[in-house]
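Me: I'd like a close look at one part of this model. Here it is.

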Amino acid sequence: MILTTGSVEETREAGARFAKKISSGDVIVLDGGLGCGKTEFVRGIVESLNRTVIVRSPSFSIVNSYPCGTINLYHFDFYRIEKASELDEIGFSEYCNNDGACIIEWGLMFPEVLPLNAVIIKFSDSGDGKRQIELPFEI
Ligand SMILES: Nc1ncnc2c1ncn2[C@@H]1O[C@H](COP(=O)(O)OP(=O)(O)O)[C@@H](O)[C@H]1O
Ligand SMILES: [Mg+2]
């Protein structure tokens, strides 16, 4: 399905709706250029599951972990990663085979590290403060 959001709040609401579909073991890729709302979408996911957590972009830290009830969410940003070996060093595959779910901004930069069943969500800027979010299923 394709959603169009007209504000940051609407993008966060879309994240909160998507959050209901997340289960432990999921790997979710957020694809799309800078400023398209990927981090705001994650903020909506995480804040709907745990109001006490503050979501920050993991572009420098590479991964932030958020406890969300029965699962942990691991929020990655591959933007500053130069080679897949850097992901091996931080144990990326262990995060994917863990008790939690991984959400990865810029995940398609290294498709070889992703499981075949990764869910891909595409973000784009459609002008006038609007963002398009293309999901592989209804939310
Ligand atoms: N409809 C919208 N949804 C999300 N962000 C929007 C929207 N319209 C404008 N923005 C702005 O776009 C930026 C999105 O930032 P962010 O979520 O960090 O992007 P990304 O993580 O994709 O680089 C924010 O500055 C936000 O204020
Ligand atoms: Mg971001």
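Which residues in H1 are buried?

Reply: First, a bit of housekeeping. This is a predicted model, where local features need pLDDT of at least 70, side-chain atom pairs count only at pLDDT 80 or more, and totals for chains, interfaces and linings use all residues. Residues are numbered from 1 along each chain as its sequence is written, chains are lettered from A and ligands numbered from 1 in the order in which they are written, and side-chain values use heavy atoms, with hydrogens and water left out.

Now to your helix. In H1, the buried residues are Thr11, Ala14, Gly15, Phe18 and Ala19. Buried here means under 20% relative accessible area, with exposed over 50% and partly exposed in between (1.4 Å probe, protein chains only). Looking down the axis of H1, you'd find those buried residues within an arc of 145 degrees, so they line one face of the helix. That arc is taken from the directions from the helix axis to the C-beta atoms.

As for the helix itself, H1 covers residues 8-19. Helices are DSSP runs (H or I, at least four residues), strands are too (E, at least two), and both are numbered from the N terminus. The expected span is 1.5 Å times one less than the number of residues.

What sits over the buried residues? The cover includes strand S1 (2-5), strand S2 (27-31), helix H2 (38-49), strand S6 (119-127) and strand S7 (130-134). Contact, by the way, means heavy atoms within 4.5 Å.

Thr11 turns up again at the ligand. Ligand 1 has 16 residues around it, and Thr11, Gly35, Lys38, Thr39 and Glu40 come nearest; a residue is near if one of its heavy atoms lies within 4 Å. A nitrogen atom of ligand 1 is 3.2 Å from a side-chain N or O atom of Thr5, and a backbone N or O atom of Ser7 is 3.3 Å from a nitrogen atom of the ligand. Taken alone, ligand 1 exposes 570 Å², and the protein buries 72% of that. Those areas come from the Shrake-Rupley method with a 1.4 Å probe; for residues, only the protein chains shown count as cover.

How values were computed: Polar contact = N/O pair within 3.5 Å; in protein donor to acceptor, adjacent residues only side chain to side chain.
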